[in-house]
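Dear colleague,

Please find below the structure that I am handing over to you, followed by a summary of what was found in it.

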Amino acid sequence: MPSAKIAPSVLSSDFSQLAAECKRMVEDGADWLHMDVMDGHFVPNITIGAPIVKSLRKHVDTFLDCHLMVTDPDKWVEDFAKAGASMYTFHIEAAGKDSRALIDKIHKLGMRAGVAVKPKTPIDTVFPLADVMDMCLVMTVEPGFGGQKFMGECIEKVKVLREKFPDLDIEVDGGLGLDNIDIAANAGANVIVAGTSIFGSPDPADTISKLRASVGTAQEKFQK
Ligand SMILES: O=C(CO)[C@@H](O)[C@H](O)COP(=O)(O)O
């Protein structure tokens, strides 16, 4: 199974201090930085775009895990590649039948390719992409906002994915923290996005370390 990665969602950071906030997370043990890109159309919120990723890239060399919550994911691939994004994760609901070609384009531009599914989207929609995608992102809230309640019913999708694809990076995102990490980790998730629970913690380094330990403990059980 791929290694545990903890990815603080910078949506919960103080955007006026973005570089400092990201450096703080890296010092506190973050493996990846999760960047929520929203276009106000695919989701009812507007956040950041490629120019912000480009600016941030000058300050951190950490893996930038970009989650594109946009209606036209094909349109932004070059911009994010040039900006220094490491992972370009698009929604299967937005790309549909063009997903395979989109993954090819993302790879040709030097990024890893992730495919995200909203809570109501069946997980078998991503199965045909398993030979080309680098990661599947299982949303555990409706995309659009940080600070929402974890939807436990989405975790069955993680179990199904892990059983079928033991070597795939499986990311979970939305409402995750120390109170429910074991549910996601025991299902087989290895990439954990957390905004509110890390940025809102009095001790983010301790929270990151505990989240990673929970994934590690679950992975030991898988390997037995
Ligand atoms: O993609 C999203 C929301 O659409 C997430 O990345 C959230 O920003 C995670 O924040 P918390 O639920 O952990 O506060």
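I begin with Gly195. Leaving aside neighbours within four places in sequence, Gly195 is in contact with Pro8, Ser9, Leu11, Ser12 and Gly146; two residues are in contact if their C-beta atoms, placed from the backbone, lie within 7 Å. Please note that this is a predicted model, in which local features need pLDDT of at least 70 and side-chain atom pairs count only at pLDDT 80 or more, while totals for chains, interfaces and linings use all residues. Residues are numbered from 1 along each chain as its sequence is written.

Gly195 lies in the loop between β8 and α8. Helices (H or I, at least four residues) and strands (E, at least two) are DSSP runs, numbered from the N terminus. Gly195 is buried, because 25 other C-beta atoms lie within 10 Å. Here, buried requires 20 or more other C-beta atoms within 10 Å of the residue's own, exposed 12 or fewer, and partly exposed a number in between, with C-beta atoms placed from the backbone.

The ligand shell

Around the ligand there are 22 residues, of which Leu11, Pro143, Gly146, Gly195 and Thr196 come nearest; a residue is near a molecule or strand if its C-beta atom, placed from the backbone, lies within 6 Å of it. The elements β2 (32-38), β8 (191-194) and α8 (196-199) each supply at least two residues of this shell. By type, the shell comprises 7 nonpolar, 13 polar and 2 charged residues. Ala, Val, Leu, Ile, Met, Phe, Trp, Tyr, Cys and Pro count as nonpolar, Asp, Glu, Lys and Arg as charged, and the others, Gly among them, as polar.

Annotated positions

An unreviewed UniProt entry lists under "binding site" several positions, including Ser9, His67, Gly146, Gly195 and Thr196. UniProt positions are given in the numbering used here, feature names are shortened, and annotations may be inferred rather than shown by experiment. Ser9 sits in the loop between β1 (5-8) and α1 (18-27). With 24 other C-beta atoms within 10 Å, Ser9 is buried. Beyond its neighbours within four places in sequence, Ser9 contacts His34, Asp36, Gly146, Val193, Ala194 and Gly195.

The unreviewed UniProt entry also lists His34, Asp36, His67 and Asp173 under "binding site". These residues span 140 residues in sequence, yet no two of their C-alpha atoms are more than 10.5 Å apart, so they gather at one spot.

His67 belongs to strand β3 (residues 63-69), and it is buried, with 27 other C-beta atoms within 10 Å. Residues up to four places away in sequence not counted, its contacts include His34, Asp36 and Thr89. Asp173 belongs to strand β7 (residues 169-173) and is buried, with 28 C-beta neighbours inside 10 Å. Apart from neighbours within four places in sequence, Asp173 is in contact with Leu137, Met139, Thr140 and Val193.

Helix α9

In α9, the residues Pro204, Thr207, Ile208, Leu211, Arg212, Ser214, Val215 and Ala218 are buried. They cover an arc of only 150° around the axis, which puts them on the same side of α9; the arc is that of the directions from the helix axis to the C-beta atoms. These buried residues pack against β1, α1, α7 (181-187), β8 and α8. The face turned away from the buried side of α9 carries the exposed residues Glu220, Lys221 and Gln223.

Yours sincerely
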